[in-house]
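Have the model open alongside as you read.

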Amino acid sequence: METTSRVGAQAPVTEGAGEALTARRTVDGYLLAPFPWYGLDEAFTGPRWLMQVGTTAEGSVEHGSIGHGDEPSVRSELTEDTERFAVVVTIAANPVRRTADGTGVLEATSVASSAWLAGVGLLSYTWPVQMDHTLRDDWLEQQTETAWVLADDLASDDWATLTLPVDGVPTPFHYRESEYGWVLAGSTQAGVHLGAYGRGMSAYGLGFSAVKDIAALEPDPEPQPDA
């Protein structure tokens with residue numbers, strides 16, 4: 001894929017790492033981004049929570065995610081699939097550019113970049129109920145590559161077109177469903193690409209808007225034990 005980079009992308013978690021991925025994040029990394037963050041619009045009135053920020057090797061913030069609804073756990077044969085959540089991924093729309101030290105080149109980001117990040121994000125919370133635990137790593141590796149291939153061919157029949165409002169403007173998205181949930185990807189007029197994934201919450205009624213105050217999503221500090 002010539003125009004898509006995996007720089008800063010978060011790989012799927014393996015067994016036992018679910019808590020690390022779903023841990024509430026601080027807002028610090030989000031405040032360093034030179035681009036606007038997006039989430040579901042005001043029609044969504046449920047809980048919102050910060051997830052992960054992805055950076056380049058030089059430390060520049062390149063993408064991040066905001067969750068909505070239930071904080072998901074890794075789906076397994078021991079859990080009922082009752083969680084309702086949607087995660088919005090914002091990725092800076094960057095052209096091919098030189099690294100800060102001038103010795104290398106960073107690939108451009110594109111809609112395909114957001115499609116892959118969203119696909120991998122959904123995999124992070126997925127565990128086929130019929131699979132032995134020892135096979136999970138192999139399954140994750142295979143499905144991650146599949147998500148990459150799908151993201152690299154957004155014109156294929158695997159993707160449908162879904163028009164949803166972004167800052168009130170009808171915007172086309174690439175959309176696909178699987179037994180594990182749904183993924184969509186598109187671009188905004190604000191210089192960022194959007195990806196989203198979810199389960200238990202229909203994508204058809206969603207809308208997106210820029211987050212007015214990202215600091216308001218700062219999680220409450222953990223209570224300190226008595227000395």
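## Aromatic pairs

Searching the whole structure turns up 5 aromatic pairs. Keep in mind that this is a predicted model. Take Phe 85 and Tyr 197: they pair edge-to-face, with 6.5 Å centre to centre and 80° between the planes. Phe 85 sits in strand 4 (residues 85–92) and Tyr 197 in strand 10 (residues 192–199), so this pair ties together parts of the chain that are 112 residues apart in sequence. Both Phe 85 and Tyr 197 are buried.

Phe 173 and Phe 208 make a tilted pair, at 5.4 Å centre to centre and 45° between the planes. This one links distant parts of the chain too, since Phe 173 is in strand 8 (residues 169–178) and Phe 208 in strand 11, 35 residues apart.

## The nonpolar core

The largest nonpolar core has 55 residues, and Leu 184, Tyr 197 and Phe 208 are the ones that touch the most other members. Which helix or strand gives the most to this core? That's helix 3 (residues 111–123), with 8 residues. As a general matter, nonpolar side chains in soluble globular proteins tend to be buried together.

Setting aside neighbours within four places in sequence, Tyr 197 is in contact with Met 51, Phe 85, Ala 86, Val 87, Val 89, Ala 118, Gly 121, Leu 122, Tyr 125, Trp 182 and Val 183. That list includes Phe 85, the partner of Tyr 197 in the edge-to-face pair.

## The largest pocket

Now for the open space. The largest pocket holds about 220 Å³, and 14 residues line it. Leu 40, Arg 48, Ala 210, Val 211 and Lys 212 are the lining residues that lie nearest the centre of the pocket.

Strand 1 (38–40), strand 3 (61–69) and strand 11 (208–210) are the elements that give two or more residues to the lining.

Notes: Residues numbered from 1 in each chain as written. Predicted model: local features only at pLDDT ≥ 70, side-chain atom pairs only at ≥ 80, totals over all residues. Heavy atoms only, no water. 1 Å grid on protein atoms, 1.4 Å probe; cavity = no way out; pocket = protein on both sides within 12 Å on 5 of 7 lines; lining within 4 Å. Points joined across faces, edges and corners; volume = space filled by probe spheres on them. Helix = DSSP H or I, 4+ residues; strand = E, 2+ residues; numbered from the N terminus. Core = buried A, V, L, I, M, F, W, Y, C linked by side-chain atoms within 4.5 Å. Buried < 20%, exposed > 50% of the residue type's maximum accessible area, 1.4 Å probe, protein only. Contact = heavy atoms within 4.5 Å. Phe/Tyr/Trp six-rings, centres within 6.5 Å; stacked < 30°, edge-to-face > 60°.
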